[in-house]
Amino acid sequence: MLALGKLLELTLAGREPTEKIQLTREGARLHWLGLGALEVTPPVGADCGLDLLLSAGIHGNETAPIELLDRLLQRIASGQLIPQARILFLFGNPEAMRRGERYIEQDINRLFSGRHEQSSGPEALRANELERLAAAFFSKTGRARLHYDLHTAIRASKIEQFALYPYAEGRKHSASELARLRAAGIDAVLLQKKVGITFSSYTYAHLDAEAFTLELGKARPFGQNQEVNLDLLEQRLQQLIENNEPADTRLDGLQLFSVAREVIKHSDAFKLNLPSDVENFSELPVGYLLAEDIAGTRWLVEEQGARIIFPNPKVKNGLRAGILIVPTTL
Ligand SMILES: O=C(O)CCC(=O)N[C@@H](CCC(=O)O)C(=O)O
Ligand SMILES: [Zn+2]
């Protein structure tokens, strides 16, 4: 296998490879662009016109997707997988990955779409660099652009594998992208209703890519991901890379939700009225007092069929401490 196939090892060791560009025997080109960043170009004449950005490790302790990208890249570097798509592999937060932490100083996934400019520290610098790498990758015209930002969740989930589909003014969510996700084993999709500050929101709203955050199970340390079954997603990604994806337009069984409200923590007085082990997608009855905050602020559930995801009272003030979602249709 080519040495650049060991991007994960290089990233965790903080090492720069001696050779930055290598070619596989089949003519695919691997180009190391910087820490945790590698671009794959298909052999001459084999390019199907898809630009595929695959990122993981935006949160350093979410290791199952990092291991998945490592397997895919190793297969490309050893000639088992011959790419017909351009691919950018990104490991989001290398220092947090080394420490096995979600982040070092601040959540990098709240620093995109220019937010990093109002901030400082390692994550702000890295968010700027990731935006620059993604923008350069998606700068070629006339090509399909797709970004999957792979994550795992802090807590258990009633629906294990789901996606968040960002929002941009005047743009429609794509039914064929939803069908692609369904075939990849995704059971639910949350449609965002406003522009966000996450990595997938940036590539969707600013770089015109189809983009998703994929939540793939519960976060565990490296080597302990046996319970996270990524077989369907892995198979689908390989098919995308090799350009032999079966045409699949069915949405059968895919549950759709839309974001009703983001619960924002305003102060240290914020109190979330949920058990600490509550699962994502737990239903909340109308009238339930979900949270309380400074100056008598109360978050009462008003929506029929509401469910909670990502409840987290420990986030910094000003950030989202949970999302209330409701069932929807396209
Ligand atoms: O489990 C949790 O509470 C968080 C899991 C996670 O990291 N989710 C992403 C979702 C990104 C998005 O909204 O597209 C995040 O919170 O950054
Ligand atoms: Zn995450």
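## Overall fold

Residues 24 or more positions apart make up 74% of the chain's contacts with a separation of 6 or more, two residues being in contact if their C-beta atoms, placed from the backbone, lie within 7 Å. This is a predicted model, in which local features need pLDDT of at least 70 and side-chain atom pairs count only at pLDDT 80 or more, while totals for chains, interfaces and linings use all residues. Residues are numbered from 1 along each chain as its sequence is written, and chains are lettered from A and ligands numbered from 1 in the order in which they are written.

The chain contains 7 helices and 16 strands; helices (H or I, at least four residues) and strands (E, at least two) are DSSP runs numbered from the N terminus. Its radius of gyration, taken over C-alpha atoms, is 20 Å, close to the 20 Å given by the globule rule for 330 residues, so the chain is as compact as a globular protein of that length. That rule is 2.2 Å times the number of residues to the power 0.38. The C-alpha trace spans about 65 × 45 × 40 Å along its principal axes. Of the 330 residues, 42% count as buried, that is, with 20 or more other C-beta atoms within 10 Å of their own; a residue with 12 or fewer is exposed, and one in between is partly exposed.

## Helix α6

Helix α6 (residues 199-207) is mostly covered, as 7 of its 9 residues are buried. These are Phe199, Ser200, Ser201, Tyr202, Thr203, Tyr204 and Ala205. Their cover includes strands β4 (50-56), β6 (144-153) and β9 (210-218), together with helix α4 (122-137). Just after α6, Asp208 adopts a positive phi of about 65°.

## Surroundings of ligand 1

Ser200 of α6 is also one of the residues surrounding ligand 1. Others in this shell include His59, Asn109, His151, Arg155, Phe310 and Asn312, where a residue is near the ligand if its C-beta atom, placed from the backbone, lies within 6 Å of it. The shell divides into 4 nonpolar, 7 polar and 1 charged residues.

According to an unreviewed UniProt entry, the annotation "domain: AstE/AspA barrel-sandwich hybrid" covers residues 254-327. This span is 0% helix and 46% strand, and its end C-alpha atoms lie 11 Å apart.

Pro327 lies in strand β16 (residues 320-327). Pro327 is partly exposed, with 14 other C-beta atoms within 10 Å. Beyond its neighbours within four places in sequence, Pro327 is in contact with Phe257 and Gly305. A separation of 5.9 Å lies between the C-alpha atoms of Pro327 and Leu256, which are 71 residues apart along the chain.

How values were computed:
UniProt positions renumbered as here; feature names shortened; annotations may be inferred. Nonpolar A, V, L, I, M, F, W, Y, C, P; charged D, E, K, R; others polar.
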